[in-house]
Structures are given as C-alpha cells and as structure tokens.
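Welcome! Here is a short tour of one structure, made for someone meeting it for the first time.

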Amino acid sequence: MFVQKKCFSGKFFVIFFLFFEKNMRKSLKSLLSVCKKNRIFAKIFLRKMIKATNITKSFGSLQVLKGVDLQIAEKEIVTITGASGAGKTTLLQILGTLDKADSGTLEINGVNVSIFDTKDIPSILKPFVPYWVRTISHRRSVLKSNSLADFRNRTIGFVFQFHQLMPEFSALENVMMPALIGGESFRNAEKKAAELLDFLQLTPRLHHRPAELSGGEKQRVAVARALINTPKVILADEPSGSLDSKNKAELHRLFLDLRDNFNLTILIVTHDKELSSFADRNLVMSDGMFL
Ligand SMILES: Nc1ncnc2c1ncn2[C@@H]1O[C@H](COP(=O)(O)OP(=O)(O)OP(=O)(O)O)[C@@H](O)[C@H]1O
Ligand SMILES: [Mg+2]
C-alpha cells in the first residue's frame with residue numbers, strides 16, 4: 001500500500017514537472033530579459049561608483065542643498081532634472097570635488113574624498129602660531145589639495161554646457177591638456193588625443209581652433225578632453241544646452257557608446273526630457289533635495 005502511494009506521488013510529480021517546466025522556462029526567460037533591460041543585476045551587484053550621504057551646502061543664509069543622498073552604480077547613466085535654482089550645478093560641483101560640502105560624506109570609486117581635505121590653521125589663531133609651524137602646515141595643505149586635484153584629474157571627466165575650450169589652442173591641444181597636466185609625456189598625450197578625436201570622428205578637425213569648429217564639434221572635443229585621462233566618472237552639466245536637435249541626438253547616442261566602450265559611470269544635469277529618457281535613471285531635484 002505504502003509503495004503504491006509512493007509511486008503514485010512520483011508519477012504525479014513527473015507530470016506536474018513536464019507540464020510546468022515549459023511555462024517556467026518561458027517565465028524565467030522573460031524575467032531575465034526584464035532584469036537585463038532595467039539593468040537590475042547591475043544595480044544590485046555592481047559596486048557603487050558615487051556614494052554621497054547627507055550632503056548640505058549653503059551660500060550665506062541661502063541653504064542650497066538640504067541633505068542630499070545619492071548612490072550611483074558603476075556603468076550607470078543617471079540624469080538629474082529640476083527647476084532652475086534647485087541646486088543641480090551646486091551638487092555636481094561638489095560631486096566633482098570642485099567645491100566642498102558643508103557637511104556629509106562623499107565617496108568616489110571607493111575613495112572617501114574628505115581625506116583630501118585641507119585643514120588650515122584658523123586665521124584667528126595664526127598670530128599666535130610660530131612661523132615654521134605655519135609654513136609646514138601650509139605646505140601640507142598645498143600637498144593635500146594637489147593630491148585632490150590629481151585624484152580629480154585621474155578619476156573624473158567634466159563636460160560643461162559651453163564646453164570651455166581654450167580659444168588659443170587647437171582641438172588636439174585642448175584634448176591633450178589634462179594628460180600633460182597629469183604628467184603624461186607630450187608624445188603619448190598627442191597619440192591618445194588623436195585616437196580619441198578619431199573615435200569621435202574629428203580627425204579632419206584636429207588642428208582647428210574652437211572658433212573654427214561647429215557647436216557639435218566643440219562639444220565632442222570637450223567630451224574627448226573629458227576622456228583623455230581614462231576617468232571612471234563623467235559629470236556633465238547641461239551638455240546639450242547649446243546644441244541643435246541633430247547634434248543633441250548625436251551627443252545622447254555618444255553617451256551610451258561611451259558607457260559601453262569606456263566602462264564609464266555618467267551623471268548628467270539636464271533640462272532635456274529626451275536626454276533623461278536615454279538614461280538608466282532620472283532623478284528630480286527640487287529645492288535642494290531629490291523628490
Ligand atoms: N557661488 C554662489 N554664491 C551664492 N549663491 C550661489 C552660488 N552658486 C549658486 N548659488 C545659488 O544657489 C542656488 C542654486 O544654484 P545652482 O546653480 O545649483 O542651480 P541649478 O539647479 O543648477 O540651476 P540652473 O538649472 O538654472 O542651472 C541658486 O539660487 C544660486 O543663485
Ligand atoms: Mg545649473
């Protein structure tokens with residue numbers, strides 16, 4: 001009796017398995033494709049490239065950032081939109097280590113950037129501190145800020161709305177500049193810059209100055225300049241703000257290509273709805289906080 005019962009449940013299990021196996025495989029496949037499409041695995045398993053916690057910033061009595069938390073995974077493209085004056089550029093400058101938050105912590109590529117903080121002697125105490133102590137302290141703070149500049153130069157690439165190319169230098173020289181500042185030899189910097197400009201289809205414009213380039217070309221030169229030190233992160237502030245719709249669409253495609261070809265994490269501040277639809281995630285900022 002017992003053996004019969006066991007056989008019966010075994011058969012039932014086989015029929016059940018055959019019937020559902022096909023459907024299960026189908027639903028597993030569709031679950032996988034949904035995860036892939038929304039980069040869910042990336043969000044769960046990839047480490048965080050930017051980790052900002054409780055960032056605050058005031059200018060005088062105006063509190064611009066009111067405790068911003070932000071985590072961006074490696075190879076993620078995130079856009080920030082929001083009304084003018086919401087604090088987007090201020091946040092981007094802090095994330096790019098160009099400005100300092102009043103409070104909060106910031107980690108980029110696993111490095112806590114506050115270790116680079118320059119701690120100078122408070123000016124009220126300076127008259128009471130011997131000259132040699134002040135000199136050493138000043139040297140140390142200069143060293144520390146240099147290493148922050150070095151960290152920034154190696155880790156972060158910036159793209160601004162008005163590209164901010166140096167007018168007296170050619171496209172090639174503009175792109176070479178951060179590499180030369182970073183200590184690269186002239187030959188290597190020139191080779192790297194030419195390769196990048198080639199990737200961005202600007203080889204025929206290498207020796208032209210910014211005034212001789214179109215808006216879209218200038219912006220691509222600025223993108224090449226941001227990439228020359230093979231950064232981990234690209235921070236862009238209104239990168240398509242001064243472009244026409246054709247160049248805008250090209251720049252949007254370029255950001256996707258860059259992420260795939262250079263393994264970049266990209267954060268873009270924009271008013272452009274189309275650009276935010278290209279991103280993996282769009283965050284809306286209002287009055288110094290994310291909604
Ligand atoms: N250096 C500064 N000194 C004083 N106030 C500042 C400074 N920088 C920005 N602000 C103020 O901080 C607020 C936020 O400025 P921010 O540039 O971050 O806004 P935003 O969201 O980028 O706006 P937009 O979309 O117009 O570029 C604004 O009210 C601005 O006037
Ligand atoms: Mg701004």
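What follows looks at a sheet and at the helices beside it.

This is a predicted model, in which local features need pLDDT of at least 70, side-chain atom pairs count only at pLDDT 80 or more, and totals for chains, interfaces and linings use all residues. Residues are numbered from 1 along each chain as its sequence is written, while chains are lettered from A and ligands numbered from 1 in the order in which they are written.

**The sheet**
- An open sheet of mixed pairing is built from 6 strands in the order β6-β7-β8-β3-β9-β10 (strands are DSSP runs of E with at least two residues, helices runs of H or I with at least four, numbered from the N terminus; two strands pair if DSSP finds at least two bridges between them).
- β6 (156-160) and β10 (289-290) are at the edges with a single partner strand each, so one side of each has no neighbour in the sheet.
- β9 (residues 281-286) pairs with β10 in the antiparallel sense over 2 bridges, and Met285 stands opposite Phe290 in β10.

**The helix pair**
- The axes of α5 (residues 171-181) and α7 come within 7 Å and cross at roughly 25° (axes are lines fitted to C-alpha atoms, for helices over the stretch in contact, with angles from 0 to 180 degrees between N-to-C directions).
- α5 and α7 are therefore roughly parallel to each other (angles under 35 degrees count as such).
- On the α5 side, the contact is made by Ala171, Asn174, Val175, Met177 and Pro178, and on the α7 side by Val221, Ala224 and Arg225 (residues are in contact if their C-beta atoms, placed from the backbone, lie within 7 Å).

Notes: Parallel < 35°, antiparallel > 145°, perpendicular 65-115°, else oblique. Contact = placed C-beta atoms within 7 Å.
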